[in-house]
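The exercises below ask you to work through a structure step by step. Try each task before you read its solution.

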Amino acid sequence: MGILDYTAVELGALLKAKEISCREILDEVYSKISHKDIELNAFITLSRDKAYEQAEKVQKRILSGKDLSPLAGVPIAIKDNICTAGIRTTCASEILGEFTPPYNATAVEKLYKNDLVIVGKTNMDEFAMGSTSETSHFGAVKNPCNLSCVPGGSSGGSAAAVAGGEVVCALGSDTGGSIRQPASYCGVTGFKPTYGSVSRYGLIAYASSLDQIGPIAKDVRDCAAIMDCIVGYDTHDSTSLHQKYPEFLSGLNASVKGLKIGVPHKWYEKGVDFSVKEKTLKVAREFESLGATVVDLDLDFIDYVIPTYYIIATAEASSNLSRFDGVKYGYRSTDFRTVDELISATRSEGFGKEVQKRIMLGTFVLSSGYYDAYYKKALKMKRMIVDGFDRAFKQCDIILCPVAPTTAPKIGCALKDAMKMYLSDIYTVSVNLAGLPGLSVPCGYDTDGMPVGVQFIGKKNGDLTVLNAGYAYQTAFSKGNK
Amino acid sequence: MITLDTVKYVAELSRLKVDAAFAQQMCSELGDILKYMDTINSTVDTDTVDDICKSEKAYLRNDKIMKSLDRDVLLANAPERTDETPIVPKTVE
């Protein structure tokens, strides 16, 4: 078994037992990246010097016998919209230029405190706006399962790096499915926590009421171990929840006896590929064999989740991205005479077309004369979605559904039809709108051998219940994506 | 429906320069998206629904002065700078 065939938790145990060193693992990671990343393009920046420096410090701590985190010494990749002090952070955009953050995101700080080693920054859709990781200024990411297919997005680089065996785990971010969908397309496990569980301080914002940082890894145990490192209240994030969290890794027990699983069968009536329908509904039957009960749910808000999401997300994005103006950091155009020209030239040259489109859409729905018809209406539809989930969770403990209507499409196809691309987010966006936890777990393959993912959605703060359901499934029926 | 003039106005509000071709493309693409949204929005009755913001509780921190980052560190990323500030073209005549 190769070093990178282990899971993150397994590697942590080998390190603790001194059967392997941090340096050996890093050597293997960078060797793998040097061979594979020419094909995958999963990384934008590698932080070799910092990584080896960190590895040496952690190795000393391991050898000293200190009681360290289960993931001490484990290498991890970070999506490039998460600030890492001293390591260039680009959001896969030209407009950030050579921006090097002077501070760590809180989630990154917590990884350092738990002695993980950051190997580099992963590629993504520009400013997290996309579902395919094709809109990056640094070129498209490829799916390791089929290089002619997209890895999904926007955390496509993180998912591809794990699925391609370059790293054992990564951080991504999820605003409308950007962890869960690439995890599904690449055949790995991805988790979006309850909104407010993981600090957004240092996560370069797309839509502040929807964004969450979360893990992408080989299996649920690894996701749980990473969650233990990164959750918690943060004074820097006013949306961070004031509460204690369970221990996720030690809380996994693989028992789902008595668990009520809601399946919204109407969501399967149209638009879902046969393989996705077959494989995800099979998971429901498999849970019944483990002692869970399946109940049918009627979640009729599915019809309006997409306009609700795209109105709210783009409105927030138009505000969040107004800070990128060439004044204090990043790229600055040379084609200007006045400050106004500096700002508009910089933004027009620095942002890609999809980002500009979403900024304009967001500005439009907030503008005078349209605010009530679009933005205010969308806020009310968001309320209806929250209420719809509240009613559903009176009947069940978790909801099971597809992550996406299809498996990974071919590179170049999705961008030709923007509406079709947006509609592919139909099963993921409602989870962000309601601030709920969502897990994507591999559950099989289609007839072309492309991975299918099943999604588990939990009630607010039901993260451990969701993770445990995924763990139970992987323990009984698959081994994640080792 | 979104017109070319509206696209140009929205672009100006967004501080984006759009050439004729991109403006036309946006007119078409944004038009499609808004048409879809209009269709869905018209079928959803929200008259008796509270919007989400009214239900959220805000936690405030104490009004305490805390150390921030050093000026030099913050200015290190500026495209053009003095010792104390970024440099931009004159804003006031």
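**Exercise 1.** Does Glu80(B) count as buried, partly exposed or exposed, and at what relative accessibility?

*Solution.* The model is predicted, with local features needing pLDDT of at least 70, side-chain atom pairs counting only at pLDDT 80 or more, and totals for chains, interfaces and linings using all residues. Residues are numbered from 1 along each chain as its sequence is written, chains are lettered from A and ligands numbered from 1 in the order in which they are written, and side-chain values use heavy atoms, with hydrogens and water left out. Buried means under 20% relative accessible area and exposed over 50%, with partly exposed in between (1.4 Å probe, protein chains only). Glu80(B), at 42% relative accessibility, therefore counts as partly exposed.

**Exercise 2.** Find the salt-bridge partner of Glu80(B) and say where the two residues lie.

*Solution.* A salt bridge (a side-chain nitrogen of Lys or Arg within 4 Å of a carboxyl oxygen of Asp or Glu) links Glu80(B) with Arg332(A), whose closest N and O atoms are 3.5 Å apart. Arg332(A) counts as buried, because its relative accessibility is 13%. Since Glu80(B) lies in the segment after H3 of chain B, and Arg332(A) in the loop between helix H10 (305–320) and helix H11 (339–350) of chain A, the pair joins two chains. Salt bridges that share partners also join Glu354(A), Lys357(A), Arg358(A) and Glu29(B) into one network.

Methods
Helices (H or I, at least four residues) and strands (E, at least two) are DSSP runs, numbered from the N terminus.
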